[in-house]
Amino acid sequence: MHAPHCGNRLRRAFIGVALFGALPGSVSAFTATLTPVAPQTVYLQVGVGSFTGDYINGGQPQNNTTINTVSATVAAAAVGNGTAQAMTTNSSATQSFFDGFTFCSVPGQVYIGGFYRTTGANTSAALVTAAVPAALTNATGSTIPFSKISWTSSGNADAGAEPFPSGTFANGAMQNVGSMGSNSWNESCLTFSYANNTVPAAGTFTGVVLYTLSSP
Amino acid sequence: MAASRSCLEPAFFLVCAFSIIWASAAQAKTTTIDDSGTQALEPSVSMRWQTSTPSRKGGANLMIGTTTLRVRLNVTPWLHRACRIYLDFPAQRPGAITTSWVTQGRFMPGQVHSGNRVLIYSGPIATPFLEDVMKFQFSLDGSLISRATPVTFHFEMDED
């Protein structure tokens with residue numbers, strides 16, 4: 001009575017072994033590790049800059065150490081009369097290196113633009129700051145506060161908020177002048193003016209503002 | 001009795017219908033292939049921006065990276081049979097990934113998005129191993145990745 005039953009069990013066990021023997025010896029999935037390499041890139045241009053060509057044609061950002069000037073010459077009869085004086089620049093940058101579009105007009109506007117490249121989903125904006133001296137000075141040490149200089153922000157065919165909004169320099173401050181969302185091109189044209197509402201000593205007054213782009 | 005028979009008939013046809021569907025589905029047999037002999041020529045895939053600068057409105061965030069695999073599939077169980085081999089790229093973290101590849105001729109070149117599979121070989125299995133050198137290019141949105149991230153894929157056999 002029991003022998004056929006055992007035989008059945010043995011046969012089942014044998015079939016089971018045979019099926020396992022038919023399977024491949026080692027089944028596996030292949031793993032590739034994707035590693036971001038040097039993913040962060042920043043580019044800031046104030047005034048003239050350098051690209052090997054327009055970006056949309058394959059241009060790449062380059063270094064440019066030029067320091068552009070913005071100036072106003074106030075006629076003696078107009079000094080301190082409260083009429084703001086438009087300032088002009090020696091910058092020749094009118095076209096966006098993104099696509100060659102004529103975005104700014106010279107000598108009335110200074111191009112400011114750039115981008116901030118980074119990976120990941122939760123990215124803060126990169127900040128552009130201006131290191132502003134307390135005052136412009138002349139050869140005899142007389143001063144004009146930097147806060148007498150303001151700017152308005154625009155751009156040809158632009159609409160909506162500018163990434164670098166209008167403002168006024170803060171004397172002796174590290175001043176936020178704009179921000180760049182990650183992975184987008186940001187640009188504005190700044191039109192500077194001198195308030196001309198005080199009577200300083202005669203002379204040529206100068207000062208240097210340093211713009212810096214800081215990524216998170 | 002007549003009433004009882006009429007109740008049973010629908011049940012009988014229902015069982016038959018299920019049996020037919022089940023038999024049809026059972027014909028497609030998919031098995032993961034042993035690819036343990038596969039070697040990567042680079043330890044990791046270096047992902048770089050496809051374009052160094054972004055677009056004016058954002059976007060243009062594609063990162064790409066390439067790696068070369070010396071693929072060796074153990075197809076001994078299917079020797080002397082006609083089969084189809086697929087590259088299966090499961091949906092996985094960090095999100096939507098696309099990979100494309102070129103080969104040296106044993107397998108077919110192609111492209112697949114994560115969550116899908118694509119045919120790379122169809123025909124008879126004449127040797128215990130199928131080998132080829134496959135150069136893969138992975139691409140994904142840079143916002144999905146900020147650190148080294150493993151992704152997996154495997155090869156599947158569909159028997160004719």
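What does the secondary structure of chain A come to? In this predicted model, chain A holds one helix and 16 strands. Of its 216 residues, 30% count as buried. Contacts in chain A between residues at least 6 apart in sequence were also examined. Of these, 68% join residues at least 24 apart.

Chain A also touches chain B. The contact draws 30 residues from chain A and 38 residues from chain B. On the chain B side, β3 (45–49), β4 (62–74) and β10 (149–159) each supply at least two residues. β10(B) gives the most, with six residues. By class, this side of chain B has 19 polar, 14 nonpolar and five charged residues.

Strand pairing crosses between the chains. Strand β1 (residues 30–36) of chain A pairs with β10(B) in the antiparallel sense, over five bridges. Within this pairing, A:A32 stands opposite B:V151 of β10(B).

Within chain B, strand β6 (residues 97–102) pairs with two strands, β9(B) and β7(B). Six bridges link β6(B) to strand β9 (residues 129–141), in the antiparallel sense. Here B:T98 has B:S139 as its bridge partner. Strand β7 (residues 110–113) of chain B also runs antiparallel to β6(B), joined by four bridges. B:T99 has B:V112 as its bridge partner in β7(B).

The two faces of β6(B) are covered and uncovered. B:I97, B:T99 and B:W101 form the covered face. B:T98, B:S100 and B:V102 form the uncovered one. In a regular strand, side chains alternate between the two faces of the sheet.

Definitions and conventions: Residues are numbered from 1 along each chain as its sequence is written. Chains are lettered from A and ligands numbered from 1 in the order in which they are written. This is a predicted model: local features need pLDDT of at least 70, side-chain atom pairs count only at pLDDT 80 or more; totals for chains, interfaces and linings use all residues. A residue is buried if 20 or more other C-beta atoms lie within 10 Å of its own, exposed if 12 or fewer, and partly exposed in between; C-beta atoms are placed from the backbone. Two residues are in contact if their C-beta atoms, placed from the backbone, lie within 7 Å. Ala, Val, Leu, Ile, Met, Phe, Trp, Tyr, Cys and Pro count as nonpolar, Asp, Glu, Lys and Arg as charged, and the others, Gly among them, as polar. Two strands pair if DSSP finds at least two bridges between them.
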